[in-house]
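Work through the exercises below with the sequence and the 3D view side by side, and try each task before you read its solution.

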Amino acid sequence: MRFSRVFLTTSMILALFLLAAGSAWTQDAPSEDQAQAQAQNPPQAPAPTAPSAQAEVRKPTEYSKPRSHFPSVLGPYIPRRVAEPVLSNAPRIDQLMREGKLMLSLEDAIALALENNLDLAIARYNLSIADTDILRTKAGSAARGVATGLIQGTPGGGGGGAGGGTGAGGTTEGAGGAGGGAAGLVTSTLGVGTSLDSYDPVLSATLNINHASFPLSNTVTSGTNVLQQNTGTANFSYLQAFHTGTAMSVTFNNQRTTTNSLFGSLSPQVRSDFRLTLRQHLLAGFGLGPNTRFIRIAKHNREISDAAFRLQVIATVSQIQNIYWDLVNAYEDVKVRERSLGLAEKTLSDNRKQVEIGTLAPIEIVRAESEVATRNQELIVAQTNLQLQQLLMKNAITRTLSAPTLATAPVIPTDAMQVPETEPTAPIEELMKDALANRGELEQSRLDLANRDLTKKSTRNALLPVVDLIAWYGGAGLAGEQNPLATCLNASHDLSRCDAADAALRRFLPAGSIQRGGLPNSFARLFDNSAPDYAVGLNVTIPIRNRAAQADQTRAELEYRQAELRFQQLQNQVGIEVRNAQFSVTQNRARVEAARKGRELAQQSLDAEQKKYALGASTNFLVLQAQRDLTAAASALVTAMSAYEKSRVELDRVTGQTLQRNNIQMDDAESGRVNTMPAVTGVVPRTDLQTQPQDQNPK
């Protein structure tokens, strides 16, 4: 009865645990990221454009840390709920709207991209995904890897187009082996070695009540034609492994049996036993190196993810700068085309007056009208190109264009292109030093080499035979009550003969070998060394040919050498990119100077041609030709200045200086909320804007 009560109590506790866990699973768990979503899209009034340094920064959830059993016992068994992605725009963009126009500086564009750009929003998840790998490897499981390639889903600025990624989360194949494999390999030996046991403790329980009837063909063994047994079982086991290659298991088994057998000495009968087993790897799987390789690889992958996200921020900011200068180029080109159309219209008006007074042939009106139509067509092309660049910019700095006012609002760039009088050039050696120290691709490759070095060592260890030291200690206990059917087998209903038979049976039982009672009595015998069970020994497994381990070890060495060459190739590639970017800056500066001189020449030629035309020394055709030359020269100057600005952006990118040059904080990029405004050097505000900023705090 005591065993039954213990069994029922244990069963009820387990049932209540499962019911509580099931209730927790069916409920919507509170979102750990809800505060983040609210911080990014608060329902209150918009925050200031440049919040103070003391402004609250939302902290990302640390998924590398598990949920504890405290204060909630069911914490580890309740699923974590990740908040839905925020699809609304940050309030900063509403503060830049002026009379239905989006007045945008380059610094504002970068800040909006850090808060809203979907490439960054997608890449931001990789940081948390890498944290889950750390949590997984702490339990002894292999890392799943994180896609670390650039996400290029934002069209414009030379940064790719829709559908630019192929891997998880829209990324390209992971760099450094953290995603789709290094150096073009689909799979690799990364992390290969001896198998690991679970570092998380595992508690198992088997609880059941069983009734069984066995028809028998004779009564010799049990004294009955139908043997009946009622069995209650309560078995428990505890398993855990450690980083040294040690594994521990504890088993505790209990069974209570009643039977109608006439030859069983005890009914009910209670059996208990336990065993503590320790296993230590001595060759393969010995030590911290092979047994912590997954954790170390996952931590390296987390650093790779940090470098990849930094690379993504640099790529996205560079793309935003390029889109901005393309927008400025289109904006300036429209102004050039408007001036050109104005000159053509003035020429047409003058020609009509001269035809009316008879000093000019009527054919010149037709020629002037054709020129006006051509200039008007060029203006329409420039205007539609400007509208496209405005759309690309709005798409790059927002999460959605669903708001009607935003979708139709023109984007007016408030910064102008400027070429400094003296070029702030640095020696190529200094640029190369900056690139080698700051380029994210090189950092990823270095960490990948570290991962592959760990794999080399683990595959060498896996070549060894398996030799395990095994030791265990345990005990057993037995208790129960004398079976009345057995002691009174021949007694019928004569109690005196039952007592005599019982006394006769006791003579065959060793003194103290079986205690009268139930589970407490059986449990007490486990630790009095009355029935010990202990041993020590070795388990040896020797693979005769060991071909799989040889193949893995050789491949790990080959992949390491391959990764070394890839690292050297990246260094060479970075060197070429830095030199090419520096050459591009020099060339585009010379291009700007040439275009500026060309524009001055075209302007002076037009002035001279108009003066000669007024004196009758030139023709209408030559005047129109000079106007076309001026338009082409002015457009070439705008294009040259845009190319120069973009070459400066590229030089910052290839040297890894984009974040420092623009005062971008990685904490702001990771949180998706800008608390320190970017500061772009070498940019001047426009002076020809008709729409001036208004007070952000209306009375």
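**Exercise 1: a residue in a loop**

Threonine 154 lies in the loop that runs between helix H5 (118–138) and strand E3 (202–215), in a model that is predicted. Decide whether threonine 154 is buried or exposed, and find which side chain it meets in a polar contact.

*Solution.* Begin with the relative accessibility of threonine 154, which is 5%. A residue counts as buried when this value is under 20%, and therefore threonine 154, at 5%, is buried. Then turn to its side chain, which is joined to the side chain of aspartate 119 by a polar contact of 3.0 Å.

**Exercise 2: the span of a helix**

Compare the reach of helix H7 (residues 293–357) with the span expected at 1.5 Å a residue.

*Solution.* First note that H7 has 65 residues. Finally, look just after H7, where glycine 358 takes a positive phi of about 85 degrees.

**Exercise 3: the partners of a strand**

Describe how strand E2 (residues 101–104) pairs with strand E1 (residues 97–98) and in which sense it runs with strand E7 (residues 411–413).

*Solution.* Start with E1 and E2, which pair in the antiparallel sense over two bridges, arginine 98 having lysine 101 as its bridge partner. These strands form a hairpin with two residues between them, and in the turn glutamate 99 has a positive phi of about 55 degrees. Next follow E2 to E7: the two run parallel and are joined by three bridges, with proline 413 in E7 as the bridge partner of leucine 104.

Methods:
Residues are numbered from 1 along each chain as its sequence is written. This is a predicted model: local features need pLDDT of at least 70, side-chain atom pairs count only at pLDDT 80 or more; totals for chains, interfaces and linings use all residues. Side-chain values use heavy atoms; hydrogens and water are left out. Helices (H or I, at least four residues) and strands (E, at least two) are DSSP runs, numbered from the N terminus. The expected span of a helix is 1.5 Å times one less than its number of residues. Two strands pair if DSSP finds at least two bridges between them. Buried means under 20% relative accessible area, exposed over 50%, partly exposed in between (1.4 Å probe, protein chains only). A polar contact is a pair of N or O atoms within 3.5 Å; within protein, one must be able to donate a hydrogen and the other to accept it, and residues adjacent in sequence count only if both atoms are side-chain atoms.
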